[in-house]
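Please consult the sequence and the model shown below while reading.

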Amino acid sequence: MSDEFLELEVIDVGSAVYKYLDEKGYTEESTDIVIDYSYFAENCPDVASIFDTNPTRVIEEAVQYIRKGAPKHVSVRIINYNKNQLSIRDIRNIHIKRLINIDCVIRKVSDIKQEIVFAGYKCGICGASIKLFEVDDRMIRPPSVQCPTSTTHTKFILEPSLCVYRDIQLITAQERQADTGKQPKSITCVISSGVVDRIQAGNRVHITGMVNVKVDKKNIASLYLEVYNVERDSDEAFDVVITEEDKLQIESMAQRNEIYRWFANSINPGIYGYDDVKLGLILSMFGGVTRKFEDGTRIRGESHILLC
């Protein structure tokens with residue numbers, strides 16, 4: 001592919017993104033922007049294809065257009081991206097720097113933390129402030145940084161009060177229990193300002209994110225997901241309609257002696273054994289019948305259960 005074609009491609013992507021941001025009313029004062037994939041799929045199919053091959057290009061064009069060269073954090077959300085639906089266990093290195101969609105259950109959510117986006121340093125000798133620069137994952141001072149008062153000063157100290165931050169949370173997303181007998185897989189996800197503090201452990205969600213990789217000192221690569229959108233599933237329990245036929249079937253099942261074991265066996269059937277533990281969980285979920293006597297004595301319906 002020629003350099004001329006590459007340059008044309010970049011200009012087309014940038015122009016389409018700028019037009020979209022202008023139409024949506026975003027300005028250099030904006031700090032949170034939403035990129036609607038369906039808009040580009042309908043109006044700019046060529047640019048929409050870039051979401052599949054090089055989504056970082058679209059995100060960077062949008063961020064730089066809003067920043068206008070200013071050192072500030074711009075949060076990006078991507079909505080209505082309906083391609084590359086994957087199971088967590090199927091995520092591989094071929095998906096690095098690609099957008100994917102996963103349906104999962106949130107197992108763990110960290111506290112909100114602060115991540116440095118633009119680092120500010122002070123000269124360790126004269127105390128002069130150094131121009132802010134955008135950092136990478138390794139937090140290494142670029143060789144171009146130098147003290148404004150003297151080129152011989154080479155000691156620099158990170159100054160937290162000068163830095164620009166973004167809110168982040170680390171979450172553990174686990175695939176939903178679908179295949180009996182298989183242990184559900186999980187992946188670490190990083191959610192930032194635009195979607196931070198929107199989910200809790202136990203939520204069933206749909207996540208759109210970009211696969212990234214982190215390499216440790218032993219050259220072991222771990223994949224994680226940079227999240228660009230989170231949508232919680234609607235609570236289907238409230239949509240259930242029980243018919244008269246269902247009521248009759250429930251009443252019939254309640255008369256059977258093995259009803260307890262039926263319910264116990266329905267808890268994670270992929271895990272063999274632990275019958276007493278499963279039965280204990282069922283009893284704690286359902287409880288019993290609260291009884292009140294004429295003398296005012298009350299016996300609660302919830303049983304005491306100790307799982308060891």
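## Nonpolar surface patch

Phe263, Ile271, Tyr274, Val277, Leu281, Met285 and Phe286 make a nonpolar surface patch of about 700 Å². Patch residues have over 30% relative accessible area and no salt bridge, and nonpolar side chains (Val, Leu, Ile, Met, Phe, Trp, Tyr) are joined within 5 Å; accessible areas come from the Shrake-Rupley method with a 1.4 Å probe, only the protein chains shown counting as cover for residues. Helix α7 (residues 275-286) gives the most to this patch, with 4 residues. Helices (H or I, at least four residues) and strands (E, at least two) are DSSP runs, numbered from the N terminus.

The model is predicted: local features need pLDDT of at least 70, side-chain atom pairs count only at pLDDT 80 or more, and totals for chains, interfaces and linings use all residues. Residues are numbered from 1 along each chain as its sequence is written, and side-chain values use heavy atoms, with hydrogens and water left out.

Leu281 lies in helix α7, while Ile267 is found in the loop between α6 (259-265) and α7. These two residues are 14 residues apart along the chain, and their C-alpha atoms are separated by 8.7 Å. Apart from neighbours within four places in sequence, Ile267 is in contact (heavy atoms within 4.5 Å) with Lys278, Leu281 and Ile282.

## Packing of α3 and α4

Helix α3 (residues 45-53) packs against helix α4 (residues 55-67) at an angle of about 115 degrees, with the axes 5 Å apart. Axes are lines fitted to C-alpha atoms, for helices over the stretch in contact, and angles run from 0 to 180 degrees between N-to-C directions. The two helices are therefore roughly perpendicular to each other, a term for angles of 65 to 115 degrees. Ile50, Phe51 and Thr53 of α3 meet Pro55, Arg57 and Val58 of α4 in this contact.

## Salt bridges

The whole structure holds 8 salt bridges, each a side-chain nitrogen of Lys or Arg within 4 Å of a carboxyl oxygen of Asp or Glu. The side chains of Asp52 and Lys83 form a salt bridge (3.1 Å, N to O). This pair links distant parts of the chain, 31 residues apart: Asp52 is in helix α3, and Lys83 is in the loop between β2 (75-79) and β3 (99-109).

Technical notes: Angles under 35 degrees count as roughly parallel, over 145 as roughly antiparallel, 65 to 115 as roughly perpendicular and the rest as oblique. Patches are made of residues with over 30% relative accessible area and no salt bridge: like charges are joined within 9 Å, nonpolar side chains (Val, Leu, Ile, Met, Phe, Trp, Tyr) within 5 Å.
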